[in-house]
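Subject: Structure for your records

Hello,

Please find the structure below.

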Amino acid sequence: DFLVDGVFYVLGAIFLALLRLMVVPLVLVSLVCGVTALGDFKALGRVGAKTLGLYLTTTAIAITIALSIANVLDPGQGFQLEGDEFTYEASDPPPFADVIINMFPQNPIRAMAEDQMLQIILFALLLGFAISASGERGKRVASLFEDFNEVILKMVLIIIKVAPIGVFALIARTFATQGLDIFRPLLGYCVVVVAGLLLHLFFTYGGLLRLSGLSPLRFLSQVRAPMSFAFSTSS
């Protein structure tokens with residue numbers, strides 16, 4: 001009990017807290033830096049439209065790959081975790097007009113405190129626009145955000161270095177409380193997920209890189225740090 005509900009539980013909880021800690025400042029600062037780096041609002045509009053189209057296309061491909069593999073291999077068959085029974089009732093979806101209105105923050109501090117990511121993204125974009133349009137004073141603020149971005153990225157790298165300890169604690173506690181019987185279906189599920197990710201990575205993104213005249217292997221080697229963080233946090 002001391003090891004499972006004590007050490008492993010504490011280390012796992014701390015690791016998850018550190019991951020959640022990084023999300024809001026990372027998104028806010030990186031988006032502000034991205035907007036201010038473009039500078040030209042027309043260029044930003046073109047890049048934004050292309051980014052949205054690319055995102056929707058690659059997401060549709062990813063969903064197709066995932067559903068195809070899941071329907072063929074049926075991962076997780078017979079997988080059931082022991083624990084307290086619970087029930088869930090989905091609430092009625094809000095009207096579409098309210099969804100649009102709620103995307104815009106009334107209080108950016110509250111949005112960050114409540115992890116309202118769409119509101120944070122819109123606030124970051126608006127702040128980036130304002131900084132770019134503020135001349136010399138805006139450049140000083142943009143420089144501050146660039147320095148802040150370097151600090152945040154350094155924090156991310158620190159968390160990545162301790163990630164093996166946190167992941168080990170989470171997995172060890174799961175197997176200690178649920179037993180080894182879940183290993184086979186869980187392993188099959190993990191293999192299917194990783195296989196789907198690799199297919200999407202090498203065929204979808206690799207194909208796009210080749211169409212752009214870039215070497216996929218060279219590109220992946222250059223972005224291994226952010227990819228490691230994204231993979232380890234499933235974000």
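**Thr-58 and its surroundings**

Leaving aside residues up to four places away in sequence, Thr-58 touches His-200, Thr-204, Tyr-205 and Leu-208, where contact means heavy atoms within 4.5 Å. This is a predicted model, in which local features need pLDDT of at least 70 and side-chain atom pairs count only at pLDDT 80 or more, while totals for chains, interfaces and linings use all residues. Residues are numbered from 1 along each chain as its sequence is written, and side-chain values use heavy atoms, with hydrogens and water left out.

Thr-58 sits in helix α2 (residues 41–73); helices are DSSP runs of H or I with at least four residues, numbered from the N terminus. With a relative accessibility of 7%, Thr-58 counts as buried (buried is under 20% relative accessible area, exposed over 50%, partly exposed in between, using a 1.4 Å probe and protein chains only). A polar atom of the Thr-58 side chain lies 2.9 Å from the backbone oxygen of Leu-54, and the backbone oxygen of Tyr-55 is 3.2 Å from a polar atom of that side chain.

Thr-204 belongs to helix α7 (residues 183–211) and is buried, at a relative accessible area of 10%. Its side chain makes a polar contact of 3.1 Å with the side chain of His-200 (a polar contact is a pair of N or O atoms within 3.5 Å; within protein, one must be able to donate a hydrogen and the other to accept it, and residues adjacent in sequence count only if both atoms are side-chain atoms). Not counting residues up to four places away in sequence, Thr-204 touches Thr-58, Ile-61, Ile-65 and Leu-199.

**Packing of α1**

Helix α1 (residues 2–38) and helix α6 (residues 135–178) have axes that come within 7 Å and cross at roughly 155°. Axes are lines fitted to C-alpha atoms, for helices over the stretch in contact, with angles from 0 to 180 degrees between N-to-C directions. α1 and α6 are therefore roughly antiparallel, a term for angles over 145 degrees. Their crossing is left-handed, meaning that the near helix is turned anticlockwise from the far one by less than a right angle; clockwise would be right-handed. The residues in the contact of α1 with α6 divide into 30 nonpolar, 6 polar and 3 charged. Here Ala, Val, Leu, Ile, Met, Phe, Trp, Tyr, Cys and Pro count as nonpolar, Asp, Glu, Lys and Arg as charged, and the others, Gly among them, as polar.

The axes of α1 and helix α5 (residues 117–132) come within 8 Å and cross at roughly 35°, and this crossing is right-handed. Residues making the contact include Val-24, Leu-28 and Val-35 of α1, with Ile-121, Leu-125 and Phe-129 among those of α5. By class, the contact of α1 with α5 has 16 nonpolar, 3 polar and no charged residues.

Asp-115 lies in the loop between α4 (108–113) and α5 and has a phi near 55°, a positive value in a residue other than glycine. Most residues other than glycine have a negative phi. Asp-115 is partly exposed, at 44% relative accessible area. Arg-20, in helix α1, is exposed at 57%. Arg-20 and Asp-115 are 95 residues apart in sequence, with 9.2 Å between their C-alpha atoms.

Glu-114 is in the loop between α4 and α5 too, and is partly exposed at 47%. Its C-alpha atom is 9.8 Å from that of Val-24, 90 residues away along the chain.

Regards

Note on methods
Helices (H or I, at least four residues) and strands (E, at least two) are DSSP runs, numbered from the N terminus. Angles under 35 degrees count as roughly parallel, over 145 as roughly antiparallel, 65 to 115 as roughly perpendicular and the rest as oblique.
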